[in-house]
Amino acid sequence: MKNIGLVGLGFIGSMHLKAYHSLENCRVAAICTRSEVEDKEITDFFNGTFISDYDELLRRKDIDIIDICLPTFLHEEYIVKAARAGKHIICEKPLTLSLESAKRIFKEVQDHGVRLFVGHLLRFWPEYQTIKSYSESDQLKDIEIVHAQRLGQTPEWSDWFQHPEKSGGALFDLHIHDIDFISYLLGEAESVYAAGTKNKYGAWDHIMSTLTFKNNRKAFVEASHRMPNGYPFTMLFRAQAAQGTLEYRVAAGENIEQINHQQFVYYNDKTKSSIDIVDGDAFQNELSYFVQCLETNQENHVIPLEDVFYTLKLLKAIEASLKTGQKISLY
């Protein structure tokens, strides 16, 4: 049984808390937040302690893991403090906003002998896990084209999402999901080209990226924080292979919690077959796996830190293309 110190109780922090409540290999022993917690959904089942001072949380001997669900621009500071306190760390994506910051974080973690896990959630999402398994089977093994979309409004629960120096905009908040999962499927990209728009603060809020991989495989990826109010949060992932096409579509409410419609279908020249929507929770899958890696001292094979760094490298290349209007080679 591992004791978790959860830092931050916004939308994602609340999702993590609910997921931990359903797991048997860990418990949230303390929540670090500066806000007064009045939500009865939380206070009715949480029997740990609330702490407002992060340093006090780090001094607690019973805390094994620090789970950081804070705005992106705070990640490096809080990870470094946790590493120096000898705590293992789970951090929400994106890890950080620059390659230099990622290198500093990795050095601190290595120097202090702790482990770091980064929450790239799609790799633990049941339907995306199914897409991955199809790509390793005869039904989808030779993927030629991928289309992905992730469209919605700027999150309203905090204005830090609108500022590029704090969140990285839709590029780092939304686009990162599909960019990471596509590289998980197709490997290293050879080049990227992107076009997009910015909000009034200078954050990229709508991005269209084309990625070229070996054997001339292509991915066309769109992300937006620019959709009008009332437009459903929308996800699409379509993988087209020589053997067939697999497509997953989701339409939700204003956020992914309120899924109104989803469709998961495999097509080939002979048949069209629906794939069952899996009854599983991605946050539970992710956090349970991270804790299990610590309990059993096993390697993190699903999202190793090398992959975290590579996804960040891809985002920075897309950002460079957005700024220059040029195709960016990754070699």
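This is a predicted model: local features need pLDDT of at least 70, side-chain atom pairs count only at pLDDT 80 or more; totals for chains, interfaces and linings use all residues.
**Entry 1: the parallel sheet**

I started at aspartate 67, which sits opposite isoleucine 90 in β5.

Next I wanted the whole sheet. In what order do the six strands of the open sheet run? I read β3-β2-β1-β4-β5-β6, with parallel pairing. At the edges stand β3 (49-51) and β6 (116-119); each has a single partner strand, so one side of each is left without a neighbour in the sheet. I got an average twist of 25 degrees from one strand to the next.

Then I looked at what crosses the sheet. Helix α9 (residues 282-296) lies across β1 (2-7), β2 (26-32), β4, β5 and β6. Its angle to β6 came out at about 170 degrees.

**Entry 2: the antiparallel strands**

Strand β8 (residues 189-198) runs antiparallel to β9, and nine bridges join them.

Is β9 mostly covered or mostly open? Mostly covered: of the ten residues in β9 (residues 204-213), eight are buried.

I took tyrosine 54 for a closer look. Setting aside its neighbours within four places in sequence, I listed its contacts as Val7, Cys32, Ile66, Ile68, Tyr78, Lys81 and Ala82.

**Entry 3: helix α10**

I tested the length of α10 (residues 305-324). At 1.5 Å a residue, its 20 residues should span 28 Å, and I find the end C-alpha atoms 29 Å apart, which agrees.

Buried residues in α10 include Val308, Tyr310, Leu312, Leu314, Leu315, Ile318 and Leu322. Glu319 and Ser321 are on the buried list as well. What do the buried residues of α10 pack against? I got α5, β6, α8, β8, β9 and β15 (328-329). Just after the helix, glycine 325 has a positive phi of about 75 degrees.

**Entry 4: salt bridges**

I counted 17 salt bridges, taking a Lys or Arg side-chain nitrogen within 4 Å of an Asp or Glu carboxyl oxygen.

Glutamate 41 and lysine 18 meet through their side chains at 3.7 Å, N to O. Glutamate 41 is in helix α2 (residues 40-43) and lysine 18 in helix α1 (residues 11-21), so the pair ties together parts that are 23 residues apart in sequence. I have glutamate 41 as exposed, at 52% relative accessibility, and lysine 18 as partly exposed, at 35%.

Glutamate 108 forms a salt bridge with arginine 84, with their closest N and O atoms 2.7 Å apart. Since glutamate 108 lies in helix α5 (residues 99-111) and arginine 84 in helix α4 (residues 75-84), this pair ties together parts 24 residues apart in sequence. Glutamate 108 is buried at 15% relative accessibility, whereas arginine 84 is exposed at 55%.

For aspartate 178 and arginine 150 I have a salt bridge at 3.0 Å, N to O. The two link distant parts of the chain, 28 residues apart: aspartate 178 is in helix α8 (residues 169-186) and arginine 150 in strand β7 (residues 143-151). Buried or exposed, aspartate 178? Buried, with a relative accessible area of 0%. Arginine 150 counts as buried too, at 3%.

Last item: I noted Arg123, Asp180 and Asp307 linked in a network of salt bridges.

Key:
Residues are numbered from 1 along each chain as its sequence is written. Side-chain values use heavy atoms; hydrogens and water are left out. Helices (H or I, at least four residues) and strands (E, at least two) are DSSP runs, numbered from the N terminus. Buried means under 20% relative accessible area, exposed over 50%, partly exposed in between (1.4 Å probe, protein chains only). Two strands pair if DSSP finds at least two bridges between them. Axes are lines fitted to C-alpha atoms, for helices over the stretch in contact, and angles run from 0 to 180 degrees between N-to-C directions. Contact means heavy atoms within 4.5 Å. The expected span of a helix is 1.5 Å times one less than its number of residues.
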